[in-house]
Amino acid sequence: MRGNRRLRPPSPQRPLQRGEPDLPALIELERFNQASLRQWLAAKANLDAVQRALYFELEPLRQRNEDRLFDALRSQALPSFSFDGWCRIIDYGYGLQPLSLAGSLKGEGGRFNIGGDLSPGAFTPFPALYIAQDYEAAFSRALCEP
């Protein structure tokens with residue numbers, strides 16, 4: 001029965017090894033105290049600030065300099081490039097047009113572009129074609145893994 005269960009005393013924490021940081025790992029939530037929680041919240045605030053800078057402060061700069069950015073990219077374009085052994089994994093719906101950029105504009109976009117559903121007033125969607133140097137990289141990208 002539930003009421004008959006004995007409570008066990010908490011197991012003692014293992015002592016820190018030499019050089020081991022006194023910060024809790026994500027899976028060791030029992031080790032959190034007020035000081036370490038403040039450290040995690042400070043780190044989160046720093047990451048949030050970086051995210052805001054990347055997505056909201058740089059976007060107006062990109063839009064303002066869009067023509068210059070495109071000119072810079074075009075000036076460095078290679079006249080020809082050999083795609084031997086390269087790979088691309090696409091959804092079945094795009095199978096008849098494997099080099100189509102339409103899928104990259106759907107939803108929020110991906111790692112290399114901005115899609116149509118991501119704050120249309122704040123961001124300008126742009127297409128991207130991702131081609132991997134081998135099957136493993138293409139497969140990893142298709143599954144959105146790093």
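Me: Where is the place of T124?
Reply: T124 sits in the loop between α2 and α3. Those helix names come from DSSP runs, numbered from the N terminus (H or I, at least four residues, for helices; E, at least two, for strands). Keep in mind that this is a predicted model, where local features need pLDDT of at least 70, side-chain atom pairs count only at pLDDT 80 or more, and totals for chains, interfaces and linings use all residues. Residues are numbered from 1 along each chain as its sequence is written, and side-chain values use heavy atoms, with hydrogens and water left out.

Me: Why does T124 count as partly exposed?
Reply: Buried means under 20% relative accessible area, exposed means over 50%, and partly exposed is in between (1.4 Å probe, protein chains only). T124 has 33% relative accessibility, so it counts as partly exposed. As for its surroundings, T124 and I114 are 10 residues apart in sequence and 7.2 Å apart in space, C-alpha to C-alpha.

Me: And how many helices and strands does the chain have?
Reply: There are 3 helices and 0 strands, so from the N terminus on the order reads α-α-α. Buried residues make up 10% of the 146 residues.

Me: What makes the span of α1 close to the one expected?
Reply: The expected span is 1.5 Å times one less than the number of residues. Helix α1 (residues 34-64) has 31 residues, which gives an expected 45 Å, and it reaches 45 Å from its first C-alpha to its last. There's still a kink of about 40° at L58, shortly before the proline P60; the bend at a residue is the angle between axes fitted to the seven residues ending there and the seven starting there.

Me: How do you know that K44 forms a salt bridge with D48?
Reply: A salt bridge needs a side-chain nitrogen of Lys or Arg within 4 Å of a carboxyl oxygen of Asp or Glu. For K44 and D48 the closest N and O atoms are 2.7 Å apart, so the pair qualifies. The two are 4 residues apart in helix α1, so about one helical turn separates them. K44 is partly exposed at 48%, and D48 is partly exposed too, at 28%.

Me: Which side chain meets R74 in a salt bridge?
Reply: That's D71, at 3.6 Å, N to O, so this pair also falls within the 4 Å limit. R74 and D71 lie 3 residues apart in helix α2 (residues 66-75), separated by about one helical turn. With a relative accessible area of 57%, R74 is exposed. A search of the whole structure finds 2 salt bridges.

Me: Why is the aromatic pair of Y135 and F139 called stacked?
Reply: Rings of Phe, Tyr and Trp (its six-membered ring) pair if their centres lie within 6.5 Å; planes under 30 degrees apart count as stacked, over 60 as edge-to-face and the rest as tilted. Y135 and F139 are 5.7 Å centre to centre with 25° between the planes, so they pair and count as stacked. The structure holds 1 aromatic pair. Y135 and F139 are 4 residues apart in helix α3, about one helical turn.

Me: What makes the buried residues of α3 line one face of the helix?
Reply: In α3 (residues 135-142), the buried residues are A138, S140 and R141. Seen down the axis, they fall within an arc of 160°, so they line one face; the arc is that of the directions from the helix axis to the C-beta atoms.
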